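Visitor: I would like to learn how to read the features of a model one at a time. Please start with the structure itself.

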Amino acid sequence: MAHSTASRFTILAGMAMMAATISSVAQSPGPGISHELAINRAARVSDLHYALDLAVKPHADTMPGMETIRFTLTASGLATDLPLDYRDGTLTTATLNGQTLPTTLTDGHLLLPAKFLHAGENKFEATFASRIATAGAAITRYEDKDDGSEYIYSLFVPMDASMAFPCFDQPDLKARFTLSVNTPSGWNVIANTAFDLFTSMGTVQQTHFPETQPISTYLFAFAAGPWVSVNPTPGKPNVYVRKSQVKRAEPEVPQLQDITARGMAWLADYFQQPFPFPKYDIVLIPGFPFGGMEHAGETFLREDVVLFRTAPTAADRFGRNITTLHELTHQWFGDLVTMRWFDDLWLKEGFAQYMAYRCLDSLQPADGAWKHFYEDIKPQAYGIDETQGTTPIFQNIPNLKDAKSAYGAIVYQKTPAVLKQLNYFLGEDHFRDGLRIYLKEHAYANAQWSDLIAAFEKTGSKNVQAWAKAWILQRGMPEVNVEWGCSDGKIANMKLTQHDVLPDGYVWPMSNEIVMGISPDTIRVNWSTAEYEVKEAIGKPCPYIVFTNNDDYGYGRFLLDPQSADRTASSLNPMRDNLSATDMMVMSHPLLRSMLWGALWDNVHVANSSPRSYADLALRELTFEHDETLFRVIAGHTITALHSYITGPSRTPLVAQLERIATERMQQQGAAPGMRINNFRALTGIAETPAGRDTLKQLLSGSLKVPGVELRQLDRWNLIGRLISLNDPDAAQIFAAEQQRDKSGDGQKYAWSVQAGVPTAEAKEKYFAQYLLPPTDPTAKPEDWITQSLRPFNSWNQSAFTEPYLRRALDQLPEIKRDRKIFFLGAWLGAFIGGQQSPAALTAVRDWLAQPNIDPDLRLKVLESADELERTVRIRQRFPD
Ligand SMILES: [Zn+2]
């Protein structure tokens with residue numbers, strides 16, 4: 001069914017108006033926080049203040065607390081009870097305006113009785129005890145196995161503040177928070193503001209934090225434990241690290257502080273808004289379930305994002321800078337101006353991601369930010385958007401308990417890609433000025449997408465509504481094809497066509513740039529029809545190749561015409577003698593070159609050309625390829641082809657050839673260290689033959705070295721994991737030796753994870769039983785351990801062992817959705833479906849999908865992950881060797 005999307009924006013605007021007229025809400029609002037409840041409360045409640053007094057004791061599984069909430073209520077808000085949110089903990093006492101309330105919670109709410117509410121100021125007071133756990137709680141405890149220390153941190157997004165204390169847990173009831181935390185002496189507490197009072201009482205201390213600016217509940221946070229501030233420097237953010245990791249952090253933290261300080265200045269200038277909060281700290285959290293979280297004035301980053309577990313390449317450092325700038329951008333886009341509801345989650349995430357690349361492109365132009373963007377961001381977006389499981393960027397979220405499912409590649413990868421298109425469509429000045437207006441008009445408050453459109457319109461931009469309806473409200477993406485012909489050495493005709501890769505039949509307005517290989521000439525085209533005659537091209541010199549998405553402004557699958565595809569394949573080699581003019585042109589444009597390689601892979605991906613021909617070309621070129629990140633992309637595609645698509649007798653010689661290339665280039669003295677590391681990683685990924693496995697063993701024993709590169713613990717565990725998954729006869733002995741050698745906390749995690757790759761039925765059953773334990777079970781493994789083990793469990797060569805678990809893994813999805821953190825479900829599906837290649841596995845997935853009454857949201861997630869399996873089956877059938 002084609003759905004009507006034309007009036008979504010007016011519906012949104014209508015909701016806000018509706019809020020003023022709603023005077024009643026059901027007595028029990030039901031589980032979670034419904035949009036209806038949020039609209040009702042936002043219309044009634046204002047001027048909100050929380051004062052929290054919390055106590056964290058060593059190894060305790062609860063956090064006792066006292067709280068005072070002050071808020072103003074409209075006169076019309078007195079008509080019905082007012083639900084306050086609290087779940088998972090125990091409410092001990094509660095009073096409203098001095099009247100004692102029963103402490104019974106219904107569906108995670110305490111109803112503040114209408115009869116005790118006042119028009120104007122109200123005061124609610126409570127005492128409570130909330131849960132602290134190593135997983136599955138809003139307050140997480142991390143036990144450092146390296147030194148026995150304990151660390152506590154909060155993570156509330158999207159609606160888990162109400163697991164920690166009673167509150168109105170919705171983003172548009174911003175509040176000022178005051179916080180006191182009692183902890184053991186010697187701990188540091190980091191919160192949204194800098195502490196102003198510190199009282200020591202023997203073995204206990206109290207840290208007090210002054211009132212915040214108005215912030216949403218999901219942006220309120222604290223971390224407590226023996227954190228150490230590494231390299232404290234005036235004018236730069238404090239970076240806190242657990243004390244056992246200080247040595248590892250010391251060489252890395254100055255770079256992190258530097259990029260943050262420069263990014264802060266750049267963003268303040270671009271947005272024409274100073275940094276919006278009184279201070280900015282970064283806390284490196286071990287085992288954090290996201291890359292980072294942008295709490296107001298204090299970002300939490302996953303420790304591994306900063307303290308590399310493997311020998312890092314320049315691309316790894318680039319990725320770290322992007323994550324750092326992403327969270328920093330959120331201080332404006334997300335924290336200063338916050339979405340009214342989580343259906344606009346994409347807005348803050350898209351801008352954080354897009355602005356991170358813009359900022360880094362400006363600060364460090366030599367890093368090639370937009371090439372990284374094309375190589376890292378775009379494939380993830382297209383990988384979802386071409387599947388039946390995709391959704392529009394704008395997703396309705398009727399209840400915050402379902403908001404987790406909105407997180408994924410559409411929000412994090414498609415949105416920034418579409419914003420790049422918007423910037424090109426609007427032009428630099430309009431785009432920037434629109435953002436400035438938006439941030440200024442809604443500072444310390446909330447806004448929605450229609451407000452941003454209105455801001456762009458104020459700059460004089462036209463057609464933003466039509467653009468937004470197509471790109472934000474339609475799911476999917478176009479495939480763009482080009483036909484062209486020449487006569488007398490000049491272009492006689494050129495036509496672009498777009499068609500929806502899904503059967504929805506959508507058409508998109510597009511601005512893109514056509515490059516014609518023989519001359520550096522480019523043509524900008526703006527079109528919004530299924531077909532477009534490129535009249536501007538007629539009469540130009542006949543080109544050698546044509547590519548329709550130069551500089552990557554467009555969003556979609558831009559395929560090469562057959563002639564350009566053939567010519568591209570012979571024009572990609574930088575080391576060839578007798579470079580033609582086209583070769584020279586392509587060579588001097590690293591982004592274009594990467595995009596042409598991408599277009600060749602797209603042809604394999606859509607089963608237009610054989611994976612074997614791609615692998616042949618790649619293996620020829622990888623010997624010479626000098627571009628580090630492009631090498632990584634091509635090697636990655638080749639490994640996919642060799643593990644998933646190519647099955648015939650030609651496979652093993654190709655594997656051996658890639659092993660040889662990687663082994664040789666990994667040792668090239670003259671090459672950049674990143675290139676040697678990329679080859680080391682390619683070898684770890686592909687090694688399979690006895691010779692390849694011997695090389696891995698030599699690397700582990702130290703008899704072979706990667707010159708100038710010191711392997712780190714995770715590099716070593718990856719090598720061992722590879723040997724285990726290949727059932728190498730020496731694997732068990734090597735594993736045991738490494739376990740003796742690396743007894744660190746992370747070493748224990750990696751050891752456990754790689755053993756999920758033991759190719760026996762018993763090992764699989766043992767691990768799967770672990771996966772099924774609820775996160776609250778005391779014998780359950782931490783969630784990051786499980787995540788780490790999912791890929792080894794589902795090694796590409798072990799589908800005979802893992803296929804029986806596919807259906808069981810799918811049947812587990814409702815529990816996973818309910819109990820696990822936001823990104824776990826995607827990792828689970830990606831691993832279990834990604835480990836399969838057979839028609840039988842595809843049938844198992846389809847059988848699961850055919851069941852009645854499947855959660856529609858889970859159905860989409862499975863369709864997303866099943867797409868690659870369908871392609872694999874199709875490619876294998878079409879190209880049996
Ligand atoms: Zn973000």
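**The zinc site**

Guide: His326 is buried, with a relative accessible area of 6% (buried is under 20%, exposed over 50% and partly exposed in between, with a 1.4 Å probe and protein chains only). His330 is also buried, at 0%. This is a predicted model, in which local features need pLDDT of at least 70 and side-chain atom pairs pLDDT 80 or more, while totals for chains, interfaces and linings use all residues. Residues are numbered from 1 along each chain as its sequence is written, and side-chain values use heavy atoms, with hydrogens and water left out.

Visitor: Which residues are the protein donors of the zinc ion?

Guide: Donors are N, O and S atoms within 2.8 Å of the metal (3.2 Å for Na, K and Ca), and sites may look incomplete because water is not among the atoms. Here the zinc ion has His326 and His330, each through NE2, and Glu349 through OE as its protein donors, at 2.0 to 2.1 Å.

Visitor: What spacing do the donors of the zinc ion follow along the chain?

Guide: The pattern is H-x3-H-x18-E. His326 and His330 both belong to helix H6 (residues 314-330), so their four-residue separation amounts to about one helical turn. Helices (H or I, at least four residues) and strands (E, at least two) are DSSP runs, numbered from the N terminus.

**Helix packing**

Visitor: How should I read a pair of packed helices?

Guide: Two packed helices are described by the angle between their axes and the distance between the axes. The axes are lines fitted to C-alpha atoms, for helices over the stretch in contact, and angles run from 0 to 180 degrees between N-to-C directions. For helix H8 (residues 369-385) and helix H15 (residues 590-605), the axes come within 9 Å and the crossing angle is roughly 10 degrees. H8 and H15 are therefore roughly parallel (under 35 degrees; over 145 is roughly antiparallel, 65 to 115 roughly perpendicular and the rest oblique).

Visitor: Which residues of H8 and H15 meet?

Guide: Contact means heavy atoms within 4.5 Å. H8 brings Trp370, Lys371, Tyr374 and Glu375, and H15 brings Pro590, Leu591, Ser594, Met595, Gly598 and Ala599. By class, the contact of H8 with H15 has six nonpolar, two polar and two charged residues (nonpolar: Ala, Val, Leu, Ile, Met, Phe, Trp, Tyr, Cys and Pro; charged: Asp, Glu, Lys and Arg; polar: the others, Gly among them).

Visitor: At what angle do H19 and H21 pack?

Guide: Helix H19 (residues 673-686) packs on helix H21 (residues 713-725) at about 25 degrees, with the axes 9 Å apart. H19 is thus roughly parallel to H21. Phe680, Thr684, Gly685 and Ile686 of H19 make the contact with Asp715, Asn718, Leu719 and Arg722 of H21. Its classes are three nonpolar, three polar and two charged residues.

**Sheets**

Visitor: What is the order of the open sheet of five strands?

Guide: Two strands pair if DSSP finds at least two bridges between them. The order is S15-S16-S17-S19-S18, with mixed pairing. S15 (227-230) and S18 (292-295) are the edge strands; each has a single partner, so one side of each lacks a neighbour in the sheet. From one strand to the next the twist averages 25 degrees. Within this order, S17 (residues 281-285) and S19 (residues 298-302) pair in the parallel sense over five bridges, and Ile282 stands opposite Thr299 in S19.

Visitor: Which strands stand at the edges, each with a single partner strand, in the sheet of three?

Guide: That open sheet runs S25-S24-S27, with antiparallel pairing. S24 (residues 510-516) pairs with S25 over six bridges, and Met510 faces Trp527 in S25.

**Loops and backbone**

Visitor: Is Arg475 buried or exposed?

Guide: Arg475 is buried, at 13%, although it sits in the loop between helix H12 (464-473) and strand S22 (478-487). Beyond its neighbours within four places in sequence, its contacts include Gln388, Asp504 and Trp508.

Visitor: What should I check in the backbone?

Guide: Most residues other than glycine have a negative phi, and most peptide bonds are trans. Val157 and Pro158 are joined by a cis peptide bond, with omega about 0 degrees; Pro158 lies in the loop between strands S9 (150-154) and S10 (175-184). His59 has a positive phi, near 60 degrees, and is exposed at 54%.
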